[in-house]
Amino acid sequence: MESLNLEIAESRMMVLTGEKSFEEMKEFAWNKKTAAFGGIKNLLSRPKPEDINITHSEKQYKPFWHATCSTRFEYKRNTEFIINICDSVVQKVVICDEEREIDKLGNVKVQGIEHCLESNTKEVFMDAYAEKEVDYSRYLGISTRLLSQIEELNVEDNVVFPVNIKAAYLVGKLLGSLIKPVDADEVLDETVRIVNLDLYFRPIYAFEYTWLPKNKQNVLEFDAITGEFYSGKVLKEKVFEIFNEETLFEIGTEVAGTIIPGGGIPIKILQESRKRKGNSNS
């Protein structure tokens, strides 16, 4: 076997669609305004609803990666099989027309070849802005729209959070956990397949609340798809992209170095071209 085959499926960049409207979420956020300061334990210190205003709001798009990797390793290895002869009256055995001696422990040793096959699959979700693994599987059944470039989301007052990690980092992380040294004398097939490599953007409505008498601010983020809300942040300004789309999805020497430090075994990378299908439904 001369090389490891690394097959990378067509990568996609998508935005989740079907989100609730801004007015609908603003009304929901208004009804949840006391929750923005819900961490205050002293009942006497809690704000009154009439003392809280929404002082800033913005629609955000936050990125996350979803990738799945499968591996297939087929190989042979020479081994020695030990057959225990339980009956003490047996002095010799014949295996495949060859006479074999029985040692003092009552064992017969036979040289043979093991034909091995290992296959594994691993899936990972990663917050592409915060650079941490988060379970985003709940979004996989949601309708999406394919993007040709991130700039399509950066319209009006939308705030698009930057993608802080590239596809190569995610693929390297996946492969590093799946590819392990094998005890092999002959490798027949060594194939690694990136089943999917997708970058999603999920719509979020962020509302900044001000407790007027205290001049204190807190922020709640409302998931525009699921309606979940939690503490968050507002940026109040546009953010520049860190990577362009081509650099973002580029897979090459970075991955090869992750799989085999020093480049001992050549890696054949079979990557499907990433098609640009903006304004299409998946």
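Buried means under 20% relative accessible area, exposed over 50%, and partly exposed in between (1.4 Å probe, protein chains only). This is a predicted model, where local features need pLDDT of at least 70, side-chain atom pairs count only at pLDDT 80 or more, and totals for chains, interfaces and linings use all residues. Residues are numbered from 1 along each chain as its sequence is written, and side-chain values use heavy atoms, leaving out hydrogens and water.

**View 1. Asp 97 sits in the loop between strand S4 (92-95) and strand S5 (98-101).** Strands here are DSSP runs (E, at least two residues), numbered from the N terminus. Asp 97 has a phi near 65°, a positive value in a residue other than glycine. With a relative accessible area of 79%, Asp 97 is exposed.

**View 2. Asn 215 lies in the loop between strand S10 (186-211) and strand S11 (216-223).** Here too phi is positive in a residue other than glycine, near 50° for Asn 215. Is Asn 215 buried or exposed? At 56% relative accessibility, Asn 215 counts as exposed.

**View 3. Helix H2 covers residues 167-178.** Helices are DSSP runs too (H or I, at least four residues). The expected span is 1.5 Å times one less than the number of residues, so the twelve residues of H2 should span 16 Å, and the 17 Å between its end C-alpha atoms agrees. Among the buried residues of H2 are Leu 170, Val 171, Leu 174, Leu 175 and Leu 178. An α-helix has 3.6 residues a turn, so residues three or four places apart point the same way.
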